[in-house]
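Student: I have a new model open on my screen and would like to learn how to read it. Could you walk me through it?

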Amino acid sequence: MNGEAAGVKFEGGCHCGAVHFEVAAPSKWCAHCHCESCRRYHGAGYVTWAGFDVRGFRVTRGEDALRWYESSRDAERGFCGLCGSSMLFRSERSPGEMHIALGSLDGAIDRAPQAHVFFDTHVDWVAIDRELPIHRPND
């Protein structure tokens, strides 16, 4: 990551505006996730996530409206308890990281999506950018 991202913060939040957060650049990665859990939770063909150092993440408004759902034994998904917007993901598999759904951020971040993950469970009814690398669980 180049030095121009130092001190940059990205902002985002939920649909109704109750929850607002900021996260410090640089992002660690950005990818389209095709796992069944993400698809069902977001009601979409895939979800684009960006990973950040959790130490640079903070809720700036609406901490009391932010809810966490234990979606599996070692993972939680953060959403607004008022409007239901799904925004966040944290897992023991990625300690020290906060994953943020790109659609919940107010604008662009410091990188474009770099890959498809959990592609073995993708749905056929979504057009896929085949120019990005495809990572399978055992890669």
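Tutor: Happy to; we will go through the sheet, the pocket, the cysteines and one phenylalanine. Keep in mind that this is a predicted model.

Student: Let's begin with the sheet. In what order do the eight strands of the open sheet come?

Tutor: The general idea is that strands of a sheet pair through backbone hydrogen bonds, either parallel or antiparallel. Here, the order across the open sheet is E6-E7-E8-E9-E4-E3-E10-E11, with mixed pairing. Strands E6 (66-72) and E11 (134-135) are at the edges; each has a single partner strand, so one side of each has no neighbour in the sheet.

Student: In which sense do E3 and E4 pair?

Tutor: Strand E3 (residues 29-33) and strand E4 (residues 47-53) are antiparallel, joined over five bridges.

Student: Now the pockets. What is the volume of the largest pocket?

Tutor: Rolling a probe the size of a water molecule over the atoms shows where empty space is left. In this model the largest pocket comes to about 660 Å³. Its lining has 27 residues, and Cys33, Phe89, Arg93, Val117 and Phe118 are the ones nearest the centre. Among the elements giving two or more residues to that lining are helix H1 (36-42), strand E8 (86-91) and strand E10 (115-117). The element that gives the most is E3, with four residues.

Student: How do the lining residues of the largest pocket divide into nonpolar, polar and charged?

Tutor: There are 13 nonpolar, eight polar and six charged residues in the lining.

Student: I see several cysteines. How many disulfides does a search of the whole structure find?

Tutor: The search finds zero. A disulfide needs two cysteine sulfur atoms within 2.5 Å. For Cys14, the closest cysteine sulfur belongs to Cys16 and is 3.7 Å away, which is too far for a bond. Cys83 is in no disulfide either: its nearest cysteine sulfur, in Cys80, lies 3.8 Å away.

Student: Last one: where is Phe10 placed, and which residues is it in contact with?

Tutor: Phe10 belongs to strand E1 (residues 9-13) and counts as buried at 10% relative accessibility. Setting aside neighbours within four places in sequence, its contacts include Phe21, Val23, Phe52, Leu105 and Ile109.

Note on methods: Residues numbered from 1 in each chain as written. Predicted model: local features only at pLDDT ≥ 70, side-chain atom pairs only at ≥ 80, totals over all residues. Heavy atoms only, no water. Pairing = 2+ DSSP bridges. 1 Å grid on protein atoms, 1.4 Å probe; cavity = no way out; pocket = protein on both sides within 12 Å on 5 of 7 lines; lining within 4 Å. Points joined across faces, edges and corners; volume = space filled by probe spheres on them. Nonpolar A, V, L, I, M, F, W, Y, C, P; charged D, E, K, R; others polar. Buried < 20%, exposed > 50% of the residue type's maximum accessible area, 1.4 Å probe, protein only. Contact = heavy atoms within 4.5 Å.
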